[in-house]
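Biologist: I'm new to this structure, and I'd like a close look at a single part of it. Could you take me through how the domains meet and what sits in the core there?

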Amino acid sequence: MTADQLSIAGWRGMIHLYEAGVLRRYVFRHWQALEASQWYTPGQLQALQFERLRRLLLHAQAKSPWYRDTWRARGLDLRTLAAPGDFHRWPIIDRETIRTHRMAMRSTAAGTRLIHKATGGSSGVPLHFDLDHGSNDWRMGAWHRGYRWGGAEPGTRQWYLWGVAPTSASAWRKRKDRLYDALYRRTTASCFALGTATVDRFLASLVRTRPHAIVAYTNAIYEFARMLEARGLVPPSPRSIVVGAERLHDYQRETIERVFRSPVFETYGSREFMLIGAECDRHAGLHLTHENLLVELVDDDGLPVQPGTEGNVVVTDLMNFGMPFIRYANGDRAIAAPAGCSCGRGLPLLETVTGRRLDILTTPDGRSLPGEFFPHILKDLPAIDRYQVVQERADTIAIRIVAPAWTPADEAWLRREVTAVAGTAIHLDVERVSQIALTAAGKLQVVVNRLASSQRERA
Ligand SMILES: [Zn+2]
C-alpha cells in the first residue's frame with residue numbers, strides 16, 4: 001500500500017503510535033478525553049472546571065512562593081473559595097508580573113520538569129515563561145480537538161501558511177522536525193516569503209500538496225487570496241481553511257471563502273496557552289478550551305462583564321502546574337456570547353475577540369479609535385497592498401502604505417474618511433513605503449500604539 005492509499009484514520013493511527021510510543025506523551029489520550037467532555041452539559045463542565053481550579057490554587061499556594069506570599073499579603077484564604085464567584089477577589093496578573101517574578105512563580109515541587117517558552121508580543125520585549133510536560137500534552141490534545149472542528153485533525157493532509165523564520169537549529173533537530181512534519185502530513189510555506197514575486201511558487205506548492213485543509217495566519221492567507229484574485233488565478237479548493245494567530249475580520253473571511261471556495265474556521269490562541277477557542281461548523285463564535293482554561297472577561301476593576309459586553313481577557317491555565325498562570329490578563333479584549341451553540345457542545349462561546357487593548361489609538365481631543373477602525377476603512381482602497389498604522393506621538397497618526405498605484409484621489413478619500421471619525425485635532429501622516437516588515441513571529445501588526453506601550457513602560 002502506498003502512502004496515498006492510507007486513509008486519514010491510518011495516518012492518525014501512526015501519529016498516535018509515535019506520540020504515545022516514541023515521544024511517550026499523553027496527547028492522544030487527553031484528546032480522547034476532551035472529545036468526550038465537550039458534550040457535557042454546561043453545569044457539568046462548570047463543576048469540572050471549579051474542581052480543577054481548586055486543585056491548581058492549592059498547588060500554587062503550597063508550591064509557588066510568589067503566589068503564596070502575594071495571596072497571604074492580601075489576606076486571601078482558599079478556605080473561602082466556595083463558589084466560582086469567589087475567585088474574583090484573587091489578584092489579576094499580567095506580562096509584567098511574570099517578567100518580574102517568573103523564578104518565584106515556578107513550582108518548587110520535586111521532580112517538576114519544565115519546558116521553557118518565549119513570546120514576542122507587540123511591545124517587542126519577549127516574555128519568557130515555563131510550563132510542565134503534563135500541561136503541554138493537554139494543550140496539544142485541545143489543539144487537536146479544536147482543529148478537528150475545522151477539518152484539520154491529525155491524519156489530514158495540511159498546507160500551512162505560517163510564520164516560519166529561518167532557523168539556526170541543529171541538523172539533528174531539523175531532521176526531527178522534518179520527520180514530525182511528514183508524519184503530521186504538513187507542508188509549510190513561510191509567510192515571510194509571500195509576495196507579488198512569489199505568488200506563483202506558493203500556488204504551485206498548494207497545487208502539489210492538494211491539502212484537505214489549509215492552516216494559515218489570517219493576514220497572510222488574506223493577502224494570498226487577494227493576490228490570486230487580482231491575477232485571475234484559481235487555487236485548488238480545500239475542504240476547509242483554519243485561520244489563527246491574528247484577528248479575522250468579516251471582510252477577510254468573505255474574500256478568503258470566495259477565492260478558495262471553502263469555509264473558514266477562526267481560532268484564537270496564544271503562545272502562553274495555545275488554543276483558547278475555535279469555531280465549530282456552526283460558525284457561531286469560538287468554543288472555549290473550557291476544561292483546560294478558565295477564561296474570564298472583566299472590566300478594568302477586575303469584575304466580570306455581562307455577555308454581549310466587551311471585556312479584558314483574563315486566563316487561568318488549569319493544567320500548568322510548573323509555572324502557574326492564575327488570572328493572567330493577556331492584553332486582549334473579547335465579548336462572550338449570550339447563549340450556547342446549536343451544535344450541542346457544552347463549551348461556552350466567545351462571540352468575538354475584538355482585538356488588543358494596545359491597538360486602540362487616541363486623539364488630543366479625547367476620542368479613541370478602536371483597532372478595527374483602520375482595517376475597515378483601508379480595505380476599501382484596492383490600491384493598498386499592505387499597511388500599518390502607527391501612533392508614536394499624541395498628536396500624530398502615521399499611516400504607512402505599500403501602494404504602487406496610489407493616486408492623489410485615493411489620498412484625498414483616505415484623509416476625508418479618517419478625519420470624519422478621528423476629527424481634525426490629530427495630524428495624519430500618509431507615508432508610502434516599499435515594504436512593511438512582519439514581526440519576528442511572521443505576523444502583520446496592522447495598528448500599533450507606541451504611545452500606550454511607552455506609557456506602560458514609564459508606569
Ligand atoms: Zn458549536
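Modeller: Let's start with the overall layout: the C-alpha centres of domain 1 and domain 2 lie 29 Å apart. Where they touch, domain 1 puts 17 residues into the contact and domain 2 puts in 18 residues. Bear in mind as we go that this is a predicted model. As for the bounds, the domain assignment runs domain 1 over 3-356 and domain 2 over 360-458.

Now for the core. The largest nonpolar core has 55 residues, and the members that touch the most others are Leu 161, Phe 224, Phe 260 and Phe 374. Helix H9, residues 218-230, gives this core its largest share, seven residues.

Take Phe 374 as your way in. Setting aside its neighbours within four places in sequence, you'll find Phe 374 in contact with Leu 361, Leu 369, Tyr 387, Val 389, Ile 397, Ile 399, Val 418 and Val 447. There's also a second, separate core, this one of 41 residues, with Phe 50, Leu 56, Phe 273 and Leu 297 among them.

By type, the lining of the second largest pocket splits into 20 nonpolar, nine polar and two charged residues.

Most residues other than glycine have a negative phi. Ala 245, though, has a positive phi, near 75°. You'll find Ala 245 in the loop between strand S6 (240-244) and helix H10 (250-260), and with a relative accessible area of 34% this residue is partly exposed. His 283 also has a positive phi, near 50°. His 283 sits in the loop between strand S8 (274-278) and strand S9 (286-288), and counts as partly exposed at 31% relative accessibility.

How values were computed: Residues numbered from 1 in each chain as written. Predicted model: local features only at pLDDT ≥ 70, side-chain atom pairs only at ≥ 80, totals over all residues. Heavy atoms only, no water. Nonpolar A, V, L, I, M, F, W, Y, C, P; charged D, E, K, R; others polar. Core = buried A, V, L, I, M, F, W, Y, C linked by side-chain atoms within 4.5 Å. Buried < 20%, exposed > 50% of the residue type's maximum accessible area, 1.4 Å probe, protein only. Helix = DSSP H or I, 4+ residues; strand = E, 2+ residues; numbered from the N terminus. Contact = heavy atoms within 4.5 Å. Domains from an automatic or database assignment.
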